[in-house]
Number of protein chains: 2
Amino acid sequence: MSEPGGACVATSELDAGIRVERSAEDPTAFAAELGEGWQIGAGVNGGMLLAVVGNALRHACAADGHPDPLAISAYYLSASRPGPARVRTEVLRAGRTMSTAQASLVQEDPDGRPVERLRVLATYGDLDALPDDVRTSAMPPQMPPPEQCLGTDLAPPDFLERASLLERLDLRLDPSCVGWAVGQPSGRGLLQGWLRMADGREPDPLMLLLAVDALPPVTFDLGMLGWTPTLELSVHLRARPAPGWLAVTHRTRNFAGGLLEEDAEVWDSAGRLVAQSRQLARAPRPT
Amino acid sequence: MSEPGGACVATSELDAGIRVERSAEDPTAFAAELGEGWQIGAGVNGGMLLAVVGNALRHACAADGHPDPLAISAYYLSASRPGPARVRTEVLRAGRTMSTAQASLVQEDPDGRPVERLRVLATYGDLDALPDDVRTSAMPPQMPPPEQCLGTDLAPPDFLERASLLERLDLRLDPSCVGWAVGQPSGRGLLQGWLRMADGREPDPLMLLLAVDALPPVTFDLGMLGWTPTLELSVHLRARPAPGWLAVTHRTRNFAGGLLEEDAEVWDSAGRLVAQSRQLARAPRPT
């Protein structure tokens, strides 16, 4: 949009980051550009990659009236780098209320050979068409309001150095979950906080795919400050989120055999449990 | 095995049910026969289907030294019927410690046209090669011993009528979770019990894929005695189970919009949390 003074109001950072362009030759193929600003550790954030693929699948399934991911699972094959990427999609079945589809994100290695980054399965539908019964027994997290929570600048400097993702987010951590910042992790395996996009872009289903993987690793709360590469991430999207802050919890209960599960819940400002996810991740290497 | 008297000791029911035969022409393709004895409601049990596909993937990934599923996700496309099936597999990446692969199970409709039943993504590895650290904070379920628990014959007759799967299992439900049998569901969204194969076949990783989907729907405990078709099921296998009884819990916390998540945990007789799963299912239609 042009403004009177001639300045340009850019699209939101997230919408620019997940933008995909449909191929003119092949309507199942999409071009994407992975931005520099979404990195965490050695690669592009796994939730952001899922949002890019989820956006391509949204285009692929929208023709059947199924624009929203209801369930989506990603298996990560290699670390993604900022730069061009291609997403191939295939609708496996388009039913009356849901479509099931597959997608693959591919980049080129320095020699121009294609390297697959993640393979995705998903069921799409229309969140607005679901019945409006709610019998959720889960309770929203208890934590102080955002203005009494803590920014992510208290994370270890060598973590922040490779976490450009955090600059896109306004993330406020519950003070009861950040003992690790002063060498006193709680050991509960719990991180929680408030989340919104730094530029004010309101949440929608694709933003929730990023939200479930946006907090620091829950292993921080077990006293391990290294990286936890995701092997597999599955997300259920259960309602369209209301505008405003999201309350996000990350929890682990089974750290064993060099692997851990990480369960995330995302609650919207209306108190609705809008997304649930689980991932299997590699435990951090001892430092 | 032949016995002295000439009688044949058959292979176990589960091993017969998940048997796959590699195609001579195409080593990535497998033939299977879905048995009559594994049905629940309108089709073959979703966990059993996952075990069949998991067995084909085991063959596909074993050459790289990765015989065990570590994470596996199935998206269900149509209801499977007893009879022949084909499983196509594709290894997407074989790394040093893990392989990631895809599979698809297809049957023919009455006119001989192929119909896909489920599409699967998985990461395989070697459970015996994982480091032996265990820092699990989850606690095993509290329930009376198997001999003080209740068989599944207390389920509604029209449920049992279409549940041949239950004849393959020795399933003992915690009495505190079966109020639904006398019209008094607890409303907690919890079912738990002891599980082993009726013919004494000991648990292994493939049996765990069945175990996570073998209890009656957790919605029984919410007072809804209908079917809950699975849309998506993801399982993490975290250790090779010890012989003996498995303790299995099914739980739901977010019943909303005509859908629910169902989380399962499987604990082995050594007190180890050997599998965790989550599925997204359709809520039962009001009866």
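Me: What do the side chains of Arg253(A) and Glu265(B) meet in?
Reply: Arg253(A) and Glu265(B) form a salt bridge, 2.3 Å from N to O. That term means a side-chain nitrogen of Lys or Arg within 4 Å of a carboxyl oxygen of Asp or Glu. Bear in mind this is a predicted model: local features need pLDDT of at least 70, side-chain atom pairs count only at pLDDT 80 or more, while totals for chains, interfaces and linings use all residues. Side-chain values use heavy atoms, with hydrogens and water left out.

Me: How many salt bridges does the rule find across the interface of chain B and chain A?
Reply: Six.

Me: And how many residues does each chain bring to the contact?
Reply: Chain A gives 55 residues and chain B 55 (contact is heavy atoms within 4.5 Å).

Me: Which residues of chain B lose the most area to chain A?
Reply: Tyr75(B), Arg238(B) and Arg253(B), together 15% of what that side buries. The buried area between the chains is about 4,800 Å², meaning accessible area (1.4 Å probe) lost on putting the two parts together, summed over both. Carbon and sulfur atoms give 50% of that area.

Me: Switching topic, what is the volume of the largest cavity?
Reply: About 70 Å³, as the space filled by probe spheres set on the grid points, which are joined across faces, edges and corners. A cavity here is a set of points on a 1 Å grid over the protein atoms alone where a 1.4 Å probe fits but cannot get out.

Me: Which residues line it?
Reply: Lining residues have an atom within 4 Å of a point; among them are His236(A), Arg278(A), Glu232(B) and His236(B).

Conventions:
Residues numbered from 1 in each chain as written. Chains lettered and ligands numbered in written order. 1 Å grid on protein atoms, 1.4 Å probe; cavity = no way out; pocket = protein on both sides within 12 Å on 5 of 7 lines; lining within 4 Å.
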